[in-house]
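Me: I've got a model open on my screen and would like to talk it through. Could you take my questions one by one?

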Amino acid sequence: MKRNIEEFFNNTARECSINLNTRLSWGFYFSNKDSKVLRKAKELLDSEGYSTLEICYENKTYYLCVEEINIHTKDTLYNRCKEFENIAQTLHISSFEGFDVEEMGLK
C-alpha cells in the first residue's frame, strides 16, 4: 500500500491540477456483502468524528464511503489507510477498498 500511495502522490503532482498541500476532501471506501456490518462501521466512524456519506448497493455488494477533510502527506495517508484496514479486520468487513481525493466544493 505504501508504494501505491507514493505513486499516487507522484502521479497527482505530475499529472493533475490538485494541490495536495491544501485541505482536500478524502474519500475512503469499505465493501461487504452484508449491509449490517457496514452500518456498524458507520456508527463507529461517526462516533470517532468521521463523516460517513452513504451506504450504497451495487453489483451484489454494499459500499460505505467515509469522508475526511484534511491535508495528508504520504505518511499520514498511509497511516489513515492502515487504521481503516485494521477497522475492517476488527469488524469483519470484507475489504477496505482504498481512497480517492477531490478539491472541496466540487461535489
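**Walking through the fold**

Reply: Let's start with Trp26, which is buried, with a relative accessible area of 0%; buried means under 20% relative accessible area, exposed over 50% and partly exposed in between, using a 1.4 Å probe and protein chains only. This is a predicted model, where local features need pLDDT of at least 70 and side-chain atom pairs count only at pLDDT 80 or more, while totals for chains, interfaces and linings use all residues. Residues are numbered from 1 along each chain as its sequence is written, and side-chain values use heavy atoms, with hydrogens and water left out.

Me: Which ring pairs with Trp26 in a tilted aromatic pair?
Reply: Rings of Phe, Tyr and Trp (its six-membered ring) pair if their centres lie within 6.5 Å; planes under 30 degrees apart count as stacked, over 60 as edge-to-face and the rest as tilted. The count by this rule is 10 aromatic pairs. In the one asked about, the centres are 6.1 Å apart with 55° between the planes, and Trp26's partner is Phe99.

Me: Which residues of the largest nonpolar core touch the most other members?
Reply: A nonpolar core is a set of buried Ala, Val, Leu, Ile, Met, Phe, Trp, Tyr and Cys residues joined through side-chain atoms within 4.5 Å. In soluble globular proteins, nonpolar side chains tend to be buried together. Of the 23 residues in this core, the ones with the most contacts to other members are Trp26, Phe28, Phe30, Leu45, Val66, Phe84 and Ile93.

Me: And which element gives the largest share of this core?
Reply: At least two core residues each come from α1 (2–15), β1 (24–32), α2 (35–47), β3 (61–70), α3 (74–90) and β4 (95–102). The largest share is 5 residues, and the element supplying them is α3.

Me: What kind of aromatic pair do Phe84 and Phe96 make?
Reply: Phe84 and Phe96 are both buried. Ring pairs also link them with Phe28, Phe30 and Tyr50 into a cluster. The ring centres of Phe84 and Phe96 are 5.8 Å apart and the planes are at 50°, so the pair is tilted.

Me: Which strands stand at the edges of the sheet?
Reply: Two strands pair if DSSP finds at least two bridges between them. Here an open sheet of 4 strands has the order β2-β3-β1-β4, with antiparallel pairing. Each edge strand has a single partner, so one side of each is left without a neighbour in the sheet; the two are β2 (51–58) and β4.

Me: What is the bridge partner of Thr52 in β3?
Reply: β2 and β3 run antiparallel and are joined by 7 bridges. For Thr52, the partner in β3 is Val66.

Me: At about what angle does α2 run to β3?
Reply: Axes are lines fitted to C-alpha atoms, for helices over the stretch in contact, and angles run from 0 to 180 degrees between N-to-C directions. Contact means heavy atoms within 4.5 Å. Helix α2 lies across β1, β2 and β3, and its angle to β3 is about 15°.

Me: Which residue forms a salt bridge with Lys2?
Reply: A salt bridge is a side-chain nitrogen of Lys or Arg within 4 Å of a carboxyl oxygen of Asp or Glu, and the count by this rule is 7. Lys2 lies in helix α1 and its partner in helix α3, so the pair ties together parts that are 73 residues apart in sequence. Lys2 is partly exposed at 34% relative accessible area. The closest N and O atoms are 3.1 Å apart, and the partner is Asp75.

Me: Where do Asp46 and Lys42 lie?
Reply: Their side chains meet in a salt bridge, 3.1 Å from N to O. Asp46 is partly exposed at 34% relative accessibility, and Lys42 is partly exposed at 26%. The two are 4 residues apart, about one turn, and both lie in helix α2.
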